[in-house]
Amino acid sequence: MSTTSKIKILYTIPNFDTAGSGKVVYDLVKGLDTSKFDVAIACTHNRGGFFKTVEALGHPIYIFDTKTNYRPYVSLLKRLRPISKFYKAHHFDIVHSWQWSNDWTEALAARLVGKKWIYTKKAMGFNKHWKIKSYLANFIVTINDEMTQYFPNKKSQKLIPLGIDTDYYNAANFEKKESRFFEIITVANLVPVKGIEVLIRAIAHLKDQSIRLSVLGDNANDYGASIKALCEELKVEDQVIFLGKQLDVRPYIANSDLYVIPTLDQGRKEGMPMALVEAMSMGIPILGSNITGINFVLKAFEGLLFPAGDFKVLAEKIRHNQKLSVSERHNLGKQLRVYCVKEFAMHKFIEAHEELYTKLITKS
């Protein structure tokens, strides 16, 4: 343990360009008991609007890459030395990795100098490098129930679903504006796996000019251009609004009647999509593709799931929601929020991590 009585923790994360898991790390750092834990962060750059928010917490932030190429192996130990020295010089007790990749070099660097290294498994991929990473880890945190199957012989693991600040994501903080449209929203950076075209086709299939869709997320790429072209092809360009990336999505969600998270491929798997949990906490009705991760979040609401890629079933479910009365939609949203507060509230997430960190160090 470090020379102080506090447990010293370093969080490593690629960057804070977007909220996503960066917002979860922010809330975790913000919520830890400062009388027991001394926290620092390492990331690769300081770009992005959200970095300033993280910086305002006042904890040390090191612009330092804790990973290195594992090849060529012959020179790996030499390249690991600066990372190991960094961990040792700052007397970290625990390095908690929020890296999205299967890179295992930061784990090896930590183990070489006797530091506890844990990681949160955010993505569903699993190959030989993930196996090496998992073998080197002192502990693994999983975020949905299917992930635990990746580690059948790993006793040092625990399911801790990502937490959300349900006070921050609360529609009661916003006044809903009147609209003559049935407002649908989806939040995702536009990449092919997100399957936004499924939602676009569902809207076109309904042939209803009273439906409007807002798409929040970075669309400045080829896929974004193809989705806009599809809107024109299907003659729904007047019904679909591309709002780009927004640092604060809450006002847009609060003014919506339905949140949809579509995916194109039934075989795709998500970790735990926080955009979905944010909408859930905001208390609006939701529809989601029936894939891993999404169905974990909505496991108590199976009727809100639809087969991935099936725009006709999605269209039927949109129509059903549209026909609900305002009070019925409000009641459904309230049920979703109550469930979110019960299962994914930030205080539970923080308490689980404080308990984990303490056990890791006291067992040393």
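The lining of the second largest pocket comprises nine nonpolar, seven polar and eight charged residues, where Ala, Val, Leu, Ile, Met, Phe, Trp, Tyr, Cys and Pro count as nonpolar, Asp, Glu, Lys and Arg as charged, and the others, Gly among them, as polar. The structure is a predicted model, in which local features need pLDDT of at least 70 and side-chain atom pairs count only at pLDDT 80 or more, while totals for chains, interfaces and linings use all residues. Residues are numbered from 1 along each chain as its sequence is written, and side-chain values use heavy atoms, with hydrogens and water left out.

**The second largest pocket**

- The volume of the second largest pocket is about 590 Å³.
- Of the 24 residues that line this pocket, K176, A254, S256, G283 and H330 are the closest to its centre.
- A pocket is an open set of points on a 1 Å grid over the protein atoms alone, with protein on both sides within 12 Å along at least five of seven lines, and its lining residues have an atom within 4 Å of a point.
- Grid points are joined across faces, edges and corners, and a volume is the space filled by probe spheres set on the points.
- Helix 12 (residues 326-344) gives the most to the lining of the second largest pocket, with six residues.
- Helices (H or I, at least four residues) and strands (E, at least two) are DSSP runs, numbered from the N terminus.

**The enclosed cavity**

- Rolling a probe the size of a water molecule over the atoms shows where empty space is left.
- A cavity is a set of grid points where a 1.4 Å probe fits but cannot get out.
- The count comes to one cavity of 30 Å³ or more.
- The largest cavity holds about 40 Å³ of space.
- Its lining is made up of G20, K23, V24, D27, G163, I164, D165, Y169, M274 and E278.
- Helix 1 (20-31) and helix 9 (274-281) are the elements that give two or more residues to the lining of the largest cavity, and helix 1 gives the most, with four residues.
- By class, four nonpolar, two polar and four charged residues line the largest cavity.

**Helix 13**

- Helix 13 (residues 346-362) has 17 residues and reaches 24 Å from its first C-alpha to its last.
- This span is close to the 24 Å expected at 1.5 Å a residue, the expected span being 1.5 Å times one less than the number of residues.
- An α-helix has 3.6 residues a turn, so residues three or four places apart point the same way.
- The buried residues of helix 13 are M346, F349, I350, A352, H353, E354, L356, Y357, L360 and I361.
- Buried means under 20% relative accessible area, exposed over 50%, and partly exposed in between (1.4 Å probe, protein chains only).

**Buried residues elsewhere**

- Q157 lies in strand 7 (residues 157-159) and is buried, because its relative accessible area is 17%.
- A polar atom of the Q157 side chain lies 2.8 Å from the backbone oxygen of F151.
- Q99 sits in the loop between strand 4 (94-97) and helix 4 (105-112), and Q99 is buried, with a relative accessible area of 4%.
- Between Q99 and I361 there are 22 Å in space, C-alpha to C-alpha, and the two are 262 residues apart in sequence.
- I318 belongs to helix 11 (residues 311-323) and counts as buried at 0% relative accessibility.
- I318 and N173 are 145 residues apart in sequence and 26 Å apart in space, C-alpha to C-alpha.

**Cysteines**

- A search of the whole structure finds zero disulfides, a disulfide being a pair of cysteine sulfur atoms within 2.5 Å.
- C43 is buried, with a relative accessible area of 1%, and C340 is buried, with a relative accessible area of 0%.

**Backbone geometry**

- Most residues other than glycine have a negative phi, and most peptide bonds are trans.
- The peptide bond from R71 to P72 is cis, with omega near 0 degrees, and P72 is placed in the loop between strand 3 (61-63) and helix 3 (76-89).
- H91, in the loop between helix 3 and strand 4, has a positive phi near 55 degrees and is partly exposed, with a relative accessible area of 41%.
- K207, in the loop between helix 6 (196-206) and strand 9 (211-216), has a positive phi of about 50 degrees although it is not a glycine.
- K207 is exposed, with a relative accessible area of 73%.

Terms used:
A polar contact is a pair of N or O atoms within 3.5 Å; within protein, one must be able to donate a hydrogen and the other to accept it, and residues adjacent in sequence count only if both atoms are side-chain atoms.
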